[in-house]
Amino acid sequence: MINLVNNQNPMPEQVPDVRNKNFLEVAEGYTEEMAVREAMRCLNCRKKPCVSGCPVNIKIPDFIAQVAIGEFEEAYRIISEDSSLPAICGRVCPQENQCQGRCVRCEKGESVAIGRLERFVADWHAEHYGDEEIKPVETNGHKVAVIGAGPAGLACAGDLVNKGYEVTVYEALHKTGGVLVYGIPQFRLPKEIVAAEVSKLEAKGVKFVTDAVVGRAITVDELMQEEGFESVFIGTGAGLPSFMSIPGENYIGVCSANEYLTRINLMKAYLPEYDTPIMHGDRIAIVGGGNVAMDAARCAKRMGAKEVYVIYRRSMEELPARAEEVHHAIEEGIIFKLLNNPVQILGDENGNVRAIECVEMELGEPDASGRRRPIEIEGSNFEIPVDMVIMSIGTKLNTLILDTTDKLEANRKGGIGTDDSAATNREGIFAGGDAVTGAATVIKAMGAGKVAADSIDRYLAE
């Protein structure tokens with residue numbers, strides 16, 4: 001019997017052996033009764049540590065208090081004061097490391113399920129008020145361009161349009177949403193939810209221009225000098241894949257997680273009516289241990305692979321992916337090969353992948369990241385027979401914007417250089433999210449977009 005005072009109310013989910021064969025959403029959401037019961041666990045602490053743990057500072061105890069008394073629409077209104085994408089954040093944010101990680105309930109049990117409650121409130125609003133007409137916001141006459149329609153760009157655009165700015169968002173892909181549509185699978189974040197959030201912004205007056213590669217079709221300087229934009233926000237993300245530079249990466253059957261997930265999520269390769277070219281494997285190795293690696297592994301299983309391995313050079317304790325995603329992956333039959341590191345990919349006479357050679361690792365002293373450094377065990381090499389390898393070891397910034405924007409400076413990590421207000425060294429140009437920090441979380445990118453919107457508002461008010 002679960003103690004629902006000390007522990008979270010369980011989230012209803014699809015059965016593992018059923019869901020690993022479909023792309024329907026894994027978590028089915030709280031009922032009203034479950035949501036109220038979970039909300040009543042909140043202690044409404046005086047110092048409210050959960051709020052400071054949220055990158056966009058949602059008034060968490062306030063909205064939960066409304067859920068507890070059944071005022072779900074008021075709860076939605078409170079969340080919406082600070083978050084443009086509650087239905088999305090409630091599904092994909094790493095709450096356990098942010099708001100929930102600071103919950104006082106953690107001292108004697110599990111935190112309040114803040115993310116599940118946020119998702120419930122957003123879904124309840126969509127079901128009961130989703131058809132309400134949204135009126136355009138009265139404009140103040142100032143024009144702002146946003147580059148990138150991912151989490152940072154959408155958050156920035158949402159805050160700016162609410163302040164009265166005429167906002168145009170330029171997106172390189174043919175659909176808006178950025179990583180929300182090309183990276184995160186349907187079973188974690190239904191794309192209909194992303195489309196609905198974008199539609200709300202359009203109804204308020206935000207203009208979206210897709211298939212527009214800023215830096216090629218038009219430059220940042222041209223947007224300001226020729227198109228009349230008084231300020232520009234750069235939120236282009238960090239989508240350039242990384243590889244290990246080990247022998248065999250050019251064999252047929254090796255790809256990046258970015259490419260694999262884009263073909264599945266954005267190009268709908270999982271749907272039979274879409275003729276999207278994608279490689280299928282029976283035994284697939286995913287190299288890496290982050291959330292993207294979990295997404296790629298779980299997608300590979302759903303695409304028909306008989307065996308899917310996650311190869312990670314550290315132990316389970318150091319695995320950077322969300323605990324929930326790892327738990328779901330294990331339930332779905334993903335095989336974790338921990339304390340192992342690839343040293344080469346082996347091919348057959350036709351140039352196709354036939355195996356991946358790994359070496360066993362042991363953990364030494366902590367490195368600069370604070371995690372124990374993996375050390376090779378000499379002579380421990382072994383092979384795993386596979387016919388496909390998906391590299392998921394991180395991404396980096398595409399330097400197109402830096403290369404084509406006059407005198408725009410980079411930071412030490414190779415991202416766009418900014419100060420704490422999201423301002424770059426160029427007057428009127430701001431940046432935020434993964435384009436500045438490198439790959440991070442959706443909610444951190446949103447937080448950066450909100451900071452930039454406030455800074456742009458102050459800049460144009462001067």
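Phe 72, Phe 120, Trp 124 and Tyr 129 are linked by ring pairs into a cluster. The structure is a predicted model, and a search through the whole of it finds 7 aromatic pairs. Phe 72 and Trp 124 are both buried. The rings of Trp 124 and Tyr 129 have centres 6.0 Å apart and planes at 45 degrees, and the pair is therefore tilted. With a relative accessibility of 14%, Trp 124 falls under the 20% limit and so counts as buried. Tyr 129, by contrast, has a relative accessible area of 30% and is partly exposed.

Helix H7 covers residues 114-129. At 1.5 Å a residue, its 16 residues should span 22 Å, and the C-alpha atoms at its ends are 22 Å apart, in agreement with that expectation. The buried residues of H7 include Phe 120 and Trp 124 of the cluster. Also buried in H7 are Ile 114, Gly 115, Arg 116, Leu 117, Glu 118, Arg 119, Val 121, Ala 122 and His 125.

Aromatic rings also take part in contacts with charged side chains. The charged end of Lys 143 is placed over the ring of Phe 229, at 4.6 Å from the ring centre. Over the face of Phe 187 lies Arg 302, 3.8 Å from the centre of that ring.

Among the strands, E11 (residues 353-366) and E12 (residues 372-376) run antiparallel and are joined by 4 bridges. Met 361 is positioned opposite Glu 376 of E12. The hairpin formed by E11 and E12 has 5 residues between its strands, and Gly 370 in this hairpin adopts a positive phi near 90 degrees.

For the protein chain as a whole, the secondary structure amounts to 17 helices and 16 strands. Its radius of gyration is 23 Å, close to the 23 Å given by the globule rule for 462 residues, so the chain is as compact as a globular protein of that length. Along the principal axes, the C-alpha atoms fill a box of roughly 65 × 60 × 50 Å. Of the 462 residues, 54% count as buried. Among contacts between residues at least 6 apart in sequence, 69% join residues at least 24 apart.

Conventions:
Residues numbered from 1 in each chain as written. Predicted model: local features only at pLDDT ≥ 70, side-chain atom pairs only at ≥ 80, totals over all residues. Heavy atoms only, no water. Helix = DSSP H or I, 4+ residues; strand = E, 2+ residues; numbered from the N terminus. Expected span 1.5 Å × (residues − 1). Buried < 20%, exposed > 50% of the residue type's maximum accessible area, 1.4 Å probe, protein only. Pairing = 2+ DSSP bridges. Phe/Tyr/Trp six-rings, centres within 6.5 Å; stacked < 30°, edge-to-face > 60°. Lys NZ or Arg CZ within 6 Å of the ring centre and 35° of its normal. Rg over C-alpha atoms; globule rule 2.2 N^0.38 Å. Contact = heavy atoms within 4.5 Å.
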